[in-house]
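Hello,

Here is the structure I promised to pass on to you. Could you have a look at it before reading on? My notes follow below.

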Amino acid sequence: MESTPTPPNAVLLGSFPDQGVLDRHTLGFSVYASSAKRRKVVVAETGLVELTAQSLDDCPVKYAVAVRRKGEDTLTVVPAEAFRFSTVVKSQKDFQSALIGSKNLSARDSLGEAFGTAKRRQAIRSIARNQVNANALQSVQGFLSKKLDETAVSAPTPESLKALADVNRPIPPFDMQAESPADVYKIQDIVPDAYLKLLNVKRFATVKSKEELKQLIGGPEEFFWVTERIFLHLQTGRPDESYLKRLLFLNLMVELFKTRKFKDYTTRPFQEVREYLLAQFTTIKWDGKINKIGMPERLKDKLLGYLMCLALILEDYQLNIDHFTKEIALKATAVDRIARELGCKIETRSINGVLRRMAVLSVPLKFPEVRKIRK
């Protein structure tokens, strides 16, 4: 709206409320119109009141006013716009309705605190605690805006999220740039040389039966996958000690994976190597009486990833996971998941006329997207 001068011949016809104390003849009126000049507003005021009126667009009749000028002895009839004025007392206008509502609410809450039920008093206090202090927010507006800008700048990119997911995979360190499966994982990251040297396999050379071999390996139950490979390798007449030690290390890992009594685990042969594996894949917590050894799901997945990676290397990066799954008493879905975490593809092949599922490591290395990081 903008103030517009009233043309000399313009006539405005107003209807006023009954105000006995108001001398309308002493008022000065201002006329405002929209830019399109389709709507007009007339305003006048005194120290106590304001009078406002809008043009009556829906007025059913048209008005005209006759203006007589005595000096010119003329009578002019001009159209007149009709306005209906309303009066607003300034003291009431300054008292905003929002404040009235706030006062009423305060009075109601006071009555509720004094005479209300326990449930009503609790509701009043809950509302009061949850109210937002607008002034306090205004004071920290700049700080919040700055922090939001900093957060937006430091928001992780898809590349950084993928790198973080790769770091948290339950598998040994890997080389994404490897050009062959043999270069993806280093055997030393799974079987440290220092602990490999502690495994004495010279006694295996005199083994005549699988039962005798089982007694030398030790453990509450036999891991046939390892026992069979050790026994067949010994039959060649020229056993490779490094290969035998890695198979034995794998056997100790599987035994730890299947054990439920961790304290008994270290009382069997090859104690130093067993203690190393226990330190790598278990946690110790004080329960108020004793140190309790446990294996959370995250570390159990890691142990499974490491032992499967070792088996994959020993099998020339093509592992028959049907046999392996049965040996470690796991569901096929769990073994498949870890195999894919290692970067393997699951393929079905015919072996001696029987269909077998194979985990095959191939390059370039590709990992599945991580949906959830287990804790």
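Y306 is buried, because its relative accessible area is 11%, under the 20% cut-off for that label. Do keep in mind that this is a predicted model. The ring of Y306 pairs with that of F281 in an edge-to-face arrangement, with 5.7 Å from centre to centre and 70° between the planes. F281 belongs to helix α12 and Y306 to helix α13 (residues 297-314), so this pair ties together parts 25 residues apart in sequence. F281 is buried too, since its relative accessibility is 3%.

The chain has three aromatic pairs in total. Y195 has 26%, so it counts as partly exposed.

R229 lies over the face of W225, 3.9 Å from the ring centre. Likewise, the charged end of K300 sits over the ring of F257, at 5.2 Å from its centre.

Next, the inside of the chain. The largest nonpolar core holds 66 residues, and the members that touch the most others are L250, L277, L307 and M308. Which helix gives this core its largest share? That is α13, with 12 residues. If you click on L277 and set aside its neighbours within four places in sequence, you will find it in contact with F249, L252, M253, L256 and Y265. Another core, of nine residues, lies apart from the largest one; V31, A44, L51 and F83 are among its members.

Finally, some totals for the whole chain. It contains 15 helices and 13 strands. Of its 375 residues, 32% are buried. The accessible surface comes to about 25,000 Å², and carbon and sulfur atoms account for 52% of that. Taking contacts between residues at least 6 apart in sequence, 59% join residues at least 24 apart.

Best wishes

Note on methods. Residues are numbered from 1 along each chain as its sequence is written. This is a predicted model: local features need pLDDT of at least 70, side-chain atom pairs count only at pLDDT 80 or more; totals for chains, interfaces and linings use all residues. Side-chain values use heavy atoms; hydrogens and water are left out. Rings of Phe, Tyr and Trp (its six-membered ring) pair if their centres lie within 6.5 Å; planes under 30 degrees apart count as stacked, over 60 as edge-to-face and the rest as tilted. Buried means under 20% relative accessible area, exposed over 50%, partly exposed in between (1.4 Å probe, protein chains only). Helices (H or I, at least four residues) and strands (E, at least two) are DSSP runs, numbered from the N terminus. A charge sits over a ring if NZ of Lys or CZ of Arg is within 6 Å of the ring centre and within 35 degrees of the ring normal. Contact means heavy atoms within 4.5 Å. Accessible areas come from the Shrake-Rupley method with a 1.4 Å probe; for residues, only the protein chains shown count as cover. A nonpolar core is a set of buried Ala, Val, Leu, Ile, Met, Phe, Trp, Tyr and Cys residues joined through side-chain atoms within 4.5 Å.
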